[in-house]
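Here's a quick tour of a protein chain for someone new to structures. Have a look at the model first, then read on.

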Amino acid sequence: MKVLVCNRECTPAEPANEKRKISHKMPKMPSLRSRMSPSGIYQFINNPTNKPSDNQILAIKKKEFEGLLHLQTDTVPGNLAYWLVSTFDPYKGCLLDGNLPILEEDIHACMGIPMGPLVVDEAPIGDKSPQFLSLLEAFKSQYEGDLIDVKVILGKHSTQIDGGDSFKRNFVLYIFSSFLGGVKGNKASLRILKSLSDTSLISEYNWCNFIKKKLAEQVLSWQKEEFSEEKTVKENWFGGPIMVLVFIYLDRCVFMVCTVSRQ
């Protein structure tokens with residue numbers, strides 16, 4: 001009878017009285033680094049020592065941005081946001097393999113912002129038209145320097161308690177530079193001023209379409225860098241309106257027998 005002998009080392013059996021150590025740590029999940037955060041507008045609305053004036057609140061409501069007054073979070077859920085941006089199809093504008101399209105109507109319902117008939121128009125890069133340069137100069141006169149940090153825009157609200165044209169223009173510019181637009185840095189998106197020259201028309205613009213377009217552009221840019229075999233940046237920041245994806249995704253979800261409320 002032949003006997004086969006295994007010449008590899010055998011692992012010794014565990015002692016009967018020794019318990020195996022099991023790690024209960026969850027695997028580390030990627031967290032999205034976002035330049036678009038609800039913190040600024042949330043703090044503006046809920047600042048206990050420097051709240052918006054009644055006229056400013058009325059101006060926000062008249063321009064049909066009232067939904068932002070009910071914002072109840074000041075943070076981006078990093079892990080969920082990373083998954084949403086990773087799986088969003090920027091060409092078809094949908095999540096979950098096409099089962100969850102992101103429509104303008106969804107953005108309007110979840111964010112409470114205008115979806116009017118006019119198309120939001122940004123000034124071309126380097127626009128030298130007299131009308132735009134005049135508007136740009138008037139806006140910049142409120143601040144120091146040509147590159148205006150997003151954080152300082154709403155700092156002027158304490159001197160614009162009448163809720164007039166300057167406040168309306170600053171408010172809309174701020175939310176689309178810090179929360180609902182698309183940026184690569186932390187500077188104000190001044191090209192949008194072209195659609196803010198006449199503040200009486202603000203509510204007539206389709207801001208939902210503008211958000212949808214910026215979302216697709218920024219997701220496409222982020223995905224190309226994040227999933228590239230040769231990443232060129234150490235920290236890949238996302239510059240699009242991520243909370244729009246978060247809110248719409250949660251709005252469509254049903255947890256057990258509880259439907260997530262929009263408010």
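Buried means under 20% relative accessible area, exposed means over 50%, and partly exposed is in between, using a 1.4 Å probe and protein chains only. This is a predicted model, where local features need pLDDT of at least 70, side-chain atom pairs count only at pLDDT 80 or more, and totals for chains, interfaces and linings use all residues. Residues are numbered from 1 along each chain as its sequence is written, and side-chain values use heavy atoms, with hydrogens and water left out.

**Cys94**
- Cys94 counts as buried because its relative accessibility is 6%.
- You'll find Cys94 in strand β2 (residues 94-95); strands (E, at least two residues) and helices (H or I, at least four) are DSSP runs, numbered from the N terminus.
- Beyond its neighbours within four places in sequence, Cys94 is in contact with Thr87, Phe88, Asp89, Leu100, Pro101 and Ile102, where contact means heavy atoms within 4.5 Å.
- Ala216 sits 122 residues from Cys94 in sequence, yet their C-alpha atoms are 9.7 Å apart in space.

**The whole chain**
- The protein chain has nine helices and six strands.
- Of its 263 residues, 42% are buried.
- Take the contacts in the protein chain with a separation of 6 or more: 78% of them join residues 24 or more positions apart.
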